[in-house]
Amino acid sequence: MNAKKLIIRSLSGIAYIAIIIGCIMWGIIPFSCMAALFGVIAIIEFERITHELRPATIPALIADMAGAVALAFAWMLYPLVIWLFILLCRMTIELYLRSDSPLADLSRSLMTQLYIALPLGLMTCIGEWWGLNIVLAIFLMIWLNDTGAFLVGSAFGRHRLFERISPKKSWEGFFGGLLFNLVAAALFCYPGAHIFDITGTGYSGDTLGIWIGLAIVVTVFATWGDLVESMIKRNLKIKDSGNIIPGHGGILDRIDSLLFVMPASLLYIFLMKTMF
C-alpha cells in the first residue's frame, strides 16, 4: 500500500470512528439515527451484491430499508410493532413483483433483517437499557480485537485459523486480539473507570470476571462475524461490499464483526444482570 492510499485509509478510518464515538456521546436518539443510516446503507450494499437492483425491485428494497430504520428505534417498542407490519407488507409486495424467484427474493429480504437490521437494533437496545457507555466499551473491544489480531498475526501468524474462508487469519492473530481485549477488560475495572459498570452493583470482586467474560464474547463473535462476511464475499467472488469508505470498502465490510458481537453481548449482559 503506497503512502497516499495509507493516508486516505487512515483518515477515513478516523472519521468513521469519530462519527460512532460522537453519536454515542451525543445520546440515544443520534446514536439510533446512526444505526438506522448504517442499516440502510448496508442493506443497499447487500442487495446490490446478491442480486441485480432494478426499478422493479425498488419497492422491496424500500421495505427492507424501512425495516432497518424501524429496528434501529426498537428500544421504544412502537417501532418494533411497525417493523412487524413492514414484514407483512414486504411479503405482500412480492405478490405484485412478478419475480421468477419469489422465495429467493423473500429469503434475501429476511436475511437483511436478521443479519443486518436486527443486530443494529439490539445495539441501540443495549444503549438504552444499560447505557451507551457499555456500547462504547464494546466498540472499543471490537477495534482493539482487530488491532491486536492484525499486529500479532502479521508478526507471528503461522497457524491458519480458517484457511478455507480467510487464508490470512491465524490462531496467533486470534489470541493477539483476545490479549488486547483482556487488557482492556482489566483497564475498564480500574478504580475511577466506573462508567463501564455492567451490573450496576459497583465494583465487587466479580467485576473483573464479568469483563473478562465480555472480552472473550467480543473476541470470539467478532471473529465469527468477520468470517461469515468473508464467506459471503468469497461465494459472490467479490473483494468488498462497496466503496463508501475510502480504503476500507463498504459499511457492511466495517460492521461485519459488530453484527455478531452485539446480539451475543446483549445475551451475555442480560445473563450477568440476571445472575448478579
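Helices (H or I, at least four residues) and strands (E, at least two) are DSSP runs, numbered from the N terminus. This is a predicted model, in which local features need pLDDT of at least 70, side-chain atom pairs count only at pLDDT 80 or more, and totals for chains, interfaces and linings use all residues. Residues are numbered from 1 along each chain as its sequence is written, and side-chain values use heavy atoms, with hydrogens and water left out.

**Stop 1: helix H5**

Select Ser109, which lies in helix H5. Ser109 is buried at 5% relative accessibility; buried means under 20% relative accessible area, exposed over 50%, and partly exposed in between (1.4 Å probe, protein chains only). Next, show its contacts, meaning heavy atoms within 4.5 Å. With neighbours within four places in sequence left aside, Ser109 is in contact with Glu47, Asp64 and Arg90.

**Stop 2: helix H4**

Just after H4, select Arg98, which takes a positive phi of about 55°.

**Stop 3: helix H2**

Select residues 28-50, helix H2, with 23 residues. Its first and last C-alpha atoms are 32 Å apart, close to the expected 33 Å. Of the 23 residues of H2, 17 are buried, so the helix is largely enclosed by the rest of the structure.

**Stop 4: the strand pair**

Select residues 160-162 (S1) and 166-170 (S2). The two strands run antiparallel and are joined by two bridges; strands pair if DSSP finds at least two bridges between them. Phe162 has Ser166 in S2 as its bridge partner. A hairpin of three residues links S1 to S2.

**Stop 5: the largest pocket**

Select Arg9, Asp146, Phe150, Asp226 and Arg254, which lie nearest the centre of the largest pocket among its 46 lining residues. The elements that give two or more residues to this lining are helix H1 (3-26), helix H6 (132-156), S2, helix H7 (171-188), helix H8 (207-236) and helix H9 (251-275). H6 gives the most, with 11 residues. On a 1 Å grid over the protein atoms alone, a pocket is an open set of points where a 1.4 Å probe fits, with protein on both sides within 12 Å along at least five of seven lines; lining residues have an atom within 4 Å of a point.

**Stop 6**

Select Ser12 in helix H1. Ser12 is buried, with a relative accessible area of 11%. Not counting residues up to four places away in sequence, Ser12 touches Ile245, Pro246 and His248.

Finish at Ile134, in helix H6. Ile134 counts as buried at 1% relative accessibility.

Key:
The expected span of a helix is 1.5 Å times one less than its number of residues.
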